[in-house]
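Here is a briefing on a structure with the sequence beside it. Please keep both in view while reading.

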Amino acid sequence: MTTPVLQARGLTKRYGHVVALDGADFDLLPGEVLAVIGDNGAGKTSLIKALTGALQPDAGEIRLDGEPVRLRDPLDARRHGIETVYQDLAIAASLDIATNMFLGRELRKPGVLGKVFRMLDKKRMRQESARHMAELKIGLRSLSQPVESLSGGQRQGVAVARAVAWATRVVVMDEPTAALGVKESGQVLDLIRQVRDRGTPVVLISHNMPHVFEIADRVHVQRLGRRVAEISPRDHSMAEVVAIMTGALQVSEGRSVVVDQSAADAIGWS
Amino acid sequence: MAVIEAPPLTRRLVATPVAGPLAALVLACAFFGLNSDQFLTGPNFSLIIQQVMVVGTLAIGQTLIILTAGIDLACGAIMAFGGIVMTKLAVDNGLPPLLAVAAGLAVCAAFGLVNGLLVTRISLPPFIVTLGMLNVAFALTHIYSNEQTVVGLPDPLTFLGQTFQVGQTNVTYGSLLTILLFLLFAYLLGSTAWGRHVYALGNSPEVARLTGIRTRRLTVGVYTLAGLIYGIAALLLVSRTGVGDPQAGQTDNLDSITAVVLGGTSLFGGRGLVIGTLVGALIVGVFRNGLQLMGVPSIYQTLITGILVILAVAVDQLSRRRNR
């Protein structure tokens, strides 16, 4: 059995009486696209936040390549090679593409200019950005244009390119297609495929079942604060997965079992 | 393939938010030049710069804060207090002048620090924090000075008011210092990581935080630095008037915001240039001076400044709507 790149066991997080994570497990294998799905309030966001350092679990363990780690904050997670593309919070709108690519990790000019005068090496940042964008085949007219002048898909492209450029282990994407049109969603899905093909595993949080089925190698179903199933989209239908998500079905030994007949009826499962 | 070269200078000039204000400044200069023989002369421009250097320097600090999507209503009051501290320590307490100046700068920076801590630690809106601080600094100025103007300043305190010759024109050292400060902050904002982070913070604090920028520390730093700049403005004020005046700076709180806004910086944060603020300050100075030379009563100068501000913000809003 291969060692998961990113793994969690028994993650628990409570907010007062509300249990956001109730002993959740998580496994991301090398080179895969893992979709994380679940109803609203299933604890998807809390799980992802715990895995990217944005939230501190009350209990449980996170392992990177088999080694236990503590991720104190998002910066810490990034230092460990985990890059996150946040849904609406990916980029600074009035700054240009190259600046966004290097935000928080700016390159300074060599020598006195950089050391004493702290001068940025804008040219090198533009060149490196261009290289990263080209690798992902993201075509843009100019890297000096502010991000707000781009389309939604192009913006998401910049955010993805930045995550990929810095991620040494994992790229996490939170609803990357939620705000996009059909064509732009397709572009982002292509990007995700390219990232995976370059060898970086991707965690994809999504509500969009067709997108999940189009791109995911495996699906992690989150329900009531824990992982209730880990399935391959090739073995299950979309309706089945939705049924698992809502609790009408459970998976045991690779087969779906109806556990809640009224819930199954409600979604038309028979 | 993406373009990796910087865009050509001409396109950058047109795209910059300073283009509009700069055009307005040039037009205003042309207009007043046609209407008054004295306007387009070296000594008159030296005078304009002297008239705007105090508000202009305050407006550098104001620009930093507005770029982070904050606002500072207290900058003039903090400056007035700093001026009283410097002059009283030097004259009444006989402190060495340089030490007195350092104390004044430190007091102003401390005001900025407190503002920054209140904004970040207790999450109070900058408007409220600085509105309160406006009254605090104003009251402290009057209590500490006992309503008395401090006179008989030692030389080092008025040094910046002295002049040197450029051709036929006398220029004050203070004017030179103001220009240098503008250039320094244009560099810091435009060409260092710190500057990029200030813009990112103004765009969205959450985006900045998730990118790994220490937003609280950055915010406190910006307010403290702005306070220090108000201290420098206090020294400029003292050296220009030659006294420590508890009544000084009362209109400067809002005048500094006027200069920032006229310079094309967005009050919503994250967009604008400090050089624009210099242009904005000069627009106010040029209008005041030009209208004076044409014999227009000073209350009309205020009227026109007000209209200019509304026009500037309207243009900003309309151009942003077009971008969306």
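In chain A, strand β9 (residues 218-223) and β10(A) run antiparallel and are joined by five bridges. This is a predicted model, in which local features need pLDDT of at least 70 and side-chain atom pairs count only at pLDDT 80 or more, while totals for chains, interfaces and linings use all residues. Residues are numbered from 1 along each chain as its sequence is written, and chains are lettered from A and ligands numbered from 1 in the order in which they are written. Helices (H or I, at least four residues) and strands (E, at least two) are DSSP runs, numbered from the N terminus.

**The sheet of chain A**

- A:Gln222 has A:Arg227, in β10(A), as its bridge partner.
- An open sheet of six strands in chain A has the order β6-β7-β8-β3-β9-β10, with mixed pairing; two strands pair if DSSP finds at least two bridges between them.
- β6 (82-85) and β10 (226-231) of chain A each have a single partner strand and stand at the edges, so one side of each is left without a neighbour in the sheet.
- Neighbouring strands of this sheet are turned by 20 degrees against each other on average, direction ignored.

**Helices lying across the sheet**

- Helix α1 (residues 44-51) of chain A lies across β3 (33-38), β7 (170-174), β8 (202-205) and β9 of chain A, and runs at about 140 degrees to β3(A).
- Helix α6 (residues 152-166) of chain A lies across β6 and β7 of chain A, at about 175 degrees to β6(A).
- Axes are lines fitted to C-alpha atoms, for helices over the stretch in contact, and angles run from 0 to 180 degrees between N-to-C directions.

**Where the chains meet**

- In all, 23 residues of chain B are in contact with 30 residues of chain A (contact: C-beta atoms, placed from the backbone, lie within 7 Å).
- On the side of chain B that touches chain A, α9 (193-203) and α10 (205-210) of chain B each supply at least two residues.
- α9(B) gives the most to that side, with five residues.
- By class, the side of chain B that touches chain A has twelve nonpolar, eight polar and three charged residues.
- Ala, Val, Leu, Ile, Met, Phe, Trp, Tyr, Cys and Pro count as nonpolar, Asp, Glu, Lys and Arg as charged, and the others, Gly among them, as polar.

**Helix pairs in chain B**

- The axes of helix α3 (residues 42-67) and helix α12 (residues 252-262) of chain B come within 8 Å and cross at roughly 70 degrees.
- α3(B) and α12(B) are therefore roughly perpendicular to each other (angles from 65 to 115 degrees count as roughly perpendicular, under 35 as roughly parallel, over 145 as roughly antiparallel and the rest as oblique).
- Their contact includes B:Val54 and B:Leu58 of α3(B), and B:Ile257 and B:Val260 of α12(B).
- By class, the contact of α3(B) with α12(B) has eight nonpolar, four polar and two charged residues.
- Helix α4 (residues 75-91) and helix α11 (residues 215-241) of chain B pack at an angle of about 60 degrees, with their axes 8 Å apart.
- α4(B) and α11(B) are therefore oblique to each other.
- Among the residues making this contact are B:Cys75 and B:Met79 of α4(B), and B:Tyr230 and B:Leu237 of α11(B).
- The contact of α4(B) with α11(B) has ten nonpolar, five polar and no charged residues.

Key:
Two residues are in contact if their C-beta atoms, placed from the backbone, lie within 7 Å.
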